[in-house]
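Biologist: Please show me the model, and then let us go through it by question and answer.

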Amino acid sequence: MATTSTKRAERNDGPVNEPDYLSLYKNERLGTRIKGWLTTLDHKRIGVMYLTGILISLILGGAFALLVRAELWAPGKTIVDPDTYNKFFTLHGAVMVFLVIIPGIPAALGNIMMPIQLGAPDVAFPKLNLASFYLWISGALFLVVAIPFGGLDTGWTLYTPYSLQSPTPVLLSVIGVFLLGFSSIFTGLNFLVTIHKFRPQGMTWFQMPLNIWAIYATAIMQVLATPVLGITVALLAVERFAHIGIFDPTMGGDPVLFQHFFWFYSHPAVYIMIIPAMGVISEMLSTFSRKPIFGYRFIAYSSVSLALLSFLVWGHHMFVSGQSRLANMVFSALTFTVGIPAAIKVFNWVATLYKGDIRLKTPMLYTLSFLLLFTIGGLTGLFLGVLAIDVHLHDTYFVVAHFHYVMMGSTLVAFLGALHYWWPKFTGRMYNEAVGQMCAIGVFIGFNLTFLPQFVMGSQGMPRRYWDYDARYQIYHQISTIGAFILGISMLISVISLVASLKNGKRAPRNPWGATSLEWQAPTPPPLYNFEKPPVIHEIYNYDDLVEVDEDVWERRAPEHVEPHEAPGNAHEFAKQPVVPVIEGRKADEILPSAGEFKGAVELPVAEQPKTDEPKVDVAVPDKAKSEGDK
Ligand code: HEM
Ligand SMILES: [Cu+2]
């Protein structure tokens with residue numbers, strides 16, 4: 001062990017000698033403390049820095065949303081003039097999409113929890129991870145600095161030709177988006193390698209938590225789709241700066257080409273947003289139903305197939321942009337195929353709930369909200385995919401409501417749920433459960449009040465992005481504005497309550513929810529390299545051995561006697577084998593110098609693993625659930 005550390009110190013390519021990540025180095029000077037954070041290579045600290053940035057962005061984006069809703073309280077001018085209103089909705093959209101929804105689950109929560117959930121000591125490339133964070137924060141600053149320089153008024157989609165003419169600082173924002181894109185690509189790359197290489201021996205692909213599958217599918221899209229965003233905004237910058245006639249019709253360019261480029265990234269990007277949400281939902285749903293997830297493999301495969309299908313449907317954003325009839329028909333048909341994996345997930349989640357021992361803790365309330373809101377969001381997407389209907393609904397509030405149901409109602413709600421789910425683990429503190437539950441209910445009510453009326457007025461013809469409107473829409477706008485304030489206040493209180501728990505919260509036990517994945521074996525909060533001893537791999541989503549010994553304290557008890565036919569698969573035999581994180585036959589040290597070194601680790605023999613690729617464990621449908629379902 002000692003030699004390994006020396007070698008690592010010389011090579012200096014992993015976090016060395018860092019204090020536990022939450023320690024504030026109480027006796028150090030402020031400068032040293034700040035430096036400790038800014039130069040950290042610990043994935044948890046990097047994740048916490050992302051999380052802080054994202055929560056600040058959420059408050060900023062939320063403030064713009066409330067300004068938009070306040071302006072729409074009545075027709076005509078309520079608080080600002082039309083130009084300022086354009087800036088409000090553009091900045092709201094850009095901040096929420098690029099700084100909150102896209103990085104929320106993968107970059108922040110993924111960084112904090114994914115390596116621990118995988119049983120790994122860190123990500124594969126800690127330095128690249130820190131570099132991604134710096135790219136993100138620089139991109140965010142470029143985007144935000146556009147505000148004092150006059151704001152941005154193009155809409156978050158930056159459509160040409162207007163984005164070539166807008167007097168607002170489009171270039172600044174474009175540089176910001178470019179940097180954010182690369183941050184996303186590098187994070188994706190890092191996670192792909194981490195998942196391939198840092199799975200502990202014994203964790204086969206089909207023993208991975210579904211959240212890891214989701215992060216994997218997301219990472220594929222981040223790596224494949226995001227470069228297109230980089231190229232698109234780079235072309236926009238060149239066109240704006242040098243006028244070479246790519247998108248500018250007066251010079252022979254094609255403004256619709258921009259839409260193709262933009263959506264070739266941005267449609268997959270909507271899955272970059274939703275798939276990680278689906279991943280955390282699967283975790284929470286199973287944990288709080290105390291049942292194995294129904295259709296594990298279907299959920300895993302559907303994440304990957306959603307990722308692949310999402311590259312084939314971008315044209316559904318251009319049904320009325322003068323696309324050819326044939327292209328419209330093909331894109332419409334392909335759009336419906338996306339509904340299949342999406343529906344597979346929803347059916348499997350609902351089947352997981354069936355006869356579950358459901359516990360309505362805060363994360364579960366968010367999970368149930370997600371189920372309903374995502375179903376509405378997905379189904380209304382199918383309406384929009386119908387050519388004849390989209391002609392009427394395109395650019396109306398119906399579209400606004402659709403994408404808020406999927407982006408906010410689904411992704412952001414899942415993010416809030418997951419934040420509450422993992423908060424005790426990574427901060428070591430329990431938040432106030434009653435406040436958490438009330439806020440979750442407030443978010444659900446506020447959300448629906450805000451966006452259900454938008455479906456109605458949209459289908460009646462209220463166009464999106466308008467500052468003024470016909471008096472007959474006023475009632476819908478007013479309900480929507482009231483809902484938005486309920487939503488905003490609930491979210492603000494929940495964030496304040498979480499932060500307050502850092503000071504006043506009860507100490508969190510190791511496994512407060514009785515969950516099965518590996519992060520719950522790590523100490524709370526996890527130390528540098530996450531585990532004090534190598535984690536033991538148990539069958540994922542098998543709750544048989546977990547017993548609640550006290551409120552929010554779960555422990556694993558080996559069953560006293562399990563008849564072979566009662567035991568699902570050979571999980572119990574399998575689970576008894578201690579597993580050392582040795583990766584594909586190679587010592588972890590050869591891959592990441594720090595990988596094998598756990599604080600106080602005991603050298604354990606490498607367990608004999610089953611020869612087959614995966615254990616004979618029926619993860620998807622345990623016999624009991626199956627026979628009950630058949631009745
Ligand atoms: C079953 C799944 C889905 C289908 C069939 C679907 C379909 C569509 C269609 C056809 C449009 C274009 C409407 C128009 O502009 O006239 C659209 C817009 C949109 N969808 Fe979806 N969608 C689905 C899921 C999602 C998800 C999961 C997200 C995000 C997490 C999302 C985000 C968006 C956004 C952001 C827009 C419009 C953006 C804009 O114009 O500013 N959609 N969707
Ligand atoms: Cu799309």
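Modeller: One definition comes first: Ala, Val, Leu, Ile, Met, Phe, Trp, Tyr, Cys and Pro count as nonpolar, Asp, Glu, Lys and Arg as charged, and the others, Gly among them, as polar. The model is predicted, and local features need pLDDT of at least 70, side-chain atom pairs count only at pLDDT 80 or more, and totals for chains, interfaces and linings use all residues. Residues are numbered from 1 along each chain as its sequence is written, while chains are lettered from A and ligands numbered from 1 in the order in which they are written.

Biologist: How do the residues of the shell around ligand 1 divide into nonpolar, polar and charged?
Modeller: A residue belongs near a molecule if its C-beta atom, placed from the backbone, lies within 6 Å of it. There are 24 residues around ligand 1, and Val270, Gly381, Leu384, His394 and Phe403 come nearest. The shell divides into 12 nonpolar, 11 polar and 1 charged.

Biologist: Which helix gives the most to the shell around ligand 1?
Modeller: Helices (H or I, at least four residues) and strands (E, at least two) are DSSP runs, numbered from the N terminus. Two or more residues of the shell come from each of helix 9 (255–289), helix 11 (325–353), helix 12 (362–385), helix 13 (387–393) and helix 14 (397–427). With 6 residues, the one that gives the most is helix 14.

Biologist: How many contacts beyond four places in sequence does the model have for residues 560–631?
Modeller: Two residues are in contact if their C-beta atoms, placed from the backbone, lie within 7 Å. Over residues 1–12 pLDDT stays under 50, and the model has 11 contacts beyond four places in sequence there. Where pLDDT is low, the predicted coordinates should not be read in detail. Residues 560–631 also stay under 50, and their number of such contacts is 122.

Biologist: How many of the 28 residues of helix 7 are buried?
Modeller: A residue is buried if 20 or more other C-beta atoms lie within 10 Å of its own, exposed if 12 or fewer, and partly exposed in between, with C-beta atoms placed from the backbone. Of the 631 residues in the protein, 53% are buried. Helix 7 is largely enclosed by the rest of the structure, because its buried residues number 20.

Biologist: Which residue in the turn between strand 1 and strand 2 has a positive phi?
Modeller: Two strands pair if DSSP finds at least two bridges between them. Strand 1 (residues 546–550) and strand 2 (residues 553–556) run antiparallel and are joined by 4 bridges, and the bridge partner of Leu546 is Arg556. They form a hairpin with 2 residues between them, and the residue with a phi of about 60° is Asp552.

Biologist: Is Leu158 buried or exposed?
Modeller: Leu158 is found in the loop between helix 5 and helix 6, and its phi is near 55°, a positive value in a residue other than glycine. In that loop also lies Pro161, joined to Thr160 by a cis peptide bond with omega of about 0°. Since Leu158 has 22 C-beta neighbours inside 10 Å, it counts as buried.

Biologist: How many C-beta neighbours does Tyr529 have inside 10 Å?
Modeller: Tyr529 is found in the loop between helix 16 and strand 1, and has a positive phi of about 70° although it is not a glycine. Pro525 lies in that loop too, and the peptide bond from Thr524 to Pro525 is cis, with omega near -10°. Tyr529 counts as buried because its C-beta neighbours number 24.

How values were computed. pLDDT = per-residue confidence, 0-100.
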